[in-house]
Structures are given as C-alpha cells and as structure tokens.
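The following note sets out numbered points for a colleague who is reading the coordinates. Please consider them alongside the sequence and the model.

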Amino acid sequence: QVQLVESGGGLVQPGGSLRLSCAASGSIFNVNDMGWYRQAPGKQRELVAGISRGGSTNYVHSVKGRFTISRDNAKNTVTLQMNSLKPEDTAVYYCHANVLGFYSGTYGSRDYWGQGTQVSVSS
C-alpha cells in the first residue's frame, strides 16, 4: 500500500507565502513523476506544477515565477513553495505521484493522490 500525506495548507493574505509538502510512503521501489494539482470551486482540476525524477519541472502559466516545485528522491517527498499568492490561487491542492511498485506478482507503475489540502488567499 502506498499513501501520500500532504501538509502545509492554510489561510494567507494576498502577497503571502505558503509551502506545501507531500511524503510518499509504503511499498515503493521508485517514485517517478510527482506533481501538484488544484481544484477551485466551480472549476476543473488543473496541473499546477510537475517534476520528473530527474528534476525537470513544468508549471501552469498562471503560477510561473511565483511557485517552485522541488523533490527529495531519498525521502520520496515533493514540495511546492508558493510566493506572491493571489486570491485566484485559492483551491484544494492535491499531491500526485507515479510510483513503481510490486503489484500482483510483477513490477508496474501506479498513480496515487494525496488527501488534498485547502489553500485560501484572502484579505
């Protein structure tokens, strides 16, 4: 069993900062791509930032220059540093990881999701 546990959400004022963290644990051989998604009320879930095992990153245009994603392969963690937060960043943020594991007698990759953490930006 693999689980992703998120932390770091909260309420901040516009222009403030938050740091989200996510730790993968369980029967893990290797963690491939990791990322953060968000879903605001009445909107579709979107990829905010992604990072490959090798450290290549990508961001949705609206957060470029403000958010930074990073990971620690030894600890199977991924972090999203969010600066200059705006009200439109308000959403539930979900950690995602593609994990190589041993499933039904063979190796394979599976997608896992964190429980979601609320980020609220308001004055």
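1. Pro14. This residue is found in the loop between strand E2 (10–12) and E3; helices (H or I, at least four residues) and strands (E, at least two) are DSSP runs, numbered from the N terminus. At 40% relative accessibility, Pro14 counts as partly exposed; buried means under 20% relative accessible area, exposed over 50%, and partly exposed in between (1.4 Å probe, protein chains only). Leaving aside neighbours within four places in sequence, Pro14 is in contact with Leu85, Pro87, Val121, Ser122 and Ser123, where contact means heavy atoms within 4.5 Å.

2. Basis of the values. This is a predicted model, in which local features need pLDDT of at least 70 and side-chain atom pairs count only at pLDDT 80 or more, while totals for chains, interfaces and linings use all residues. Residues are numbered from 1 along each chain as its sequence is written, and side-chain values use heavy atoms, with hydrogens and water left out.

3. Secondary structure. The protein chain has 11 strands and zero helices. Read from the N terminus, its elements run β-β-β-β-β-β-β-β-β-β-β.

4. Overall dimensions. For 123 residues, a compact globule would have a radius of gyration near 14 Å, and the 15 Å of the protein chain agrees with this. The radius is taken over C-alpha atoms, and the globule rule is 2.2 Å times the number of residues to the power 0.38. Along the principal axes, the C-alpha atoms fill a box of roughly 50 × 25 × 20 Å.

5. Burial, contacts and surface. Buried residues account for 39% of the 123 residues in the protein chain. Of the contacts between residues at least 6 apart in sequence, 56% join residues at least 24 apart. The chain exposes about 6,500 Å², of which carbon and sulfur atoms supply 46%; accessible areas come from the Shrake-Rupley method with a 1.4 Å probe, and for residues only the protein chains shown count as cover.

6. Charges. The mean positions of the 11 positive and 7 negative charges of the protein chain are 2 Å apart. Lys and Arg count as positive and Asp and Glu as negative, whereas His and the chain ends are not counted. The place of a charge is taken as NZ of Lys, CZ of Arg, CG of Asp or CD of Glu.

7. The disulfide. The count comes to one disulfide, defined as a pair of cysteine sulfur atoms within 2.5 Å. Cys22 is joined to Cys95, with an S to S distance of 2.1 Å. Cys22 lies in strand E3 (residues 18–26) and Cys95 in strand E9 (residues 91–103), so the pair ties together parts that are 73 residues apart in sequence. The torsion about the S-S bond is about -85°, so the disulfide is left-handed. Both Cys22 and Cys95 are buried.

8. Asn76, in the loop between strand E7 (67–72) and strand E8 (77–82), has a phi near 55°, a positive value in a residue other than glycine. At 19% relative accessibility, Asn76 counts as buried. Ser84, in the loop between E8 and E9, has a positive phi of about 50° although it is not a glycine. Ser84 counts as partly exposed at 42% relative accessibility.

9. Gln115 is placed in the loop between strand E10 (106–113) and strand E11 (117–121), and at 48% relative accessibility it counts as partly exposed. Gln115 and Val5 are 110 residues apart in sequence and 6.8 Å apart in space, C-alpha to C-alpha. Not counting residues up to four places away in sequence, Gln115 touches Leu4, Val5, Glu6 and Tyr94. Gln118 is in strand E11 and is partly exposed at 39% relative accessibility.

10. Ser56. This residue lies in the loop between strand E5 (46–51) and strand E6 (57–59) and is exposed, with a relative accessible area of 51%. Apart from neighbours within four places in sequence, Ser56 is in contact with Gly50 and Ile51. The C-alpha atoms of Ser56 and Ser7, 49 residues apart along the chain, are separated by 23 Å.
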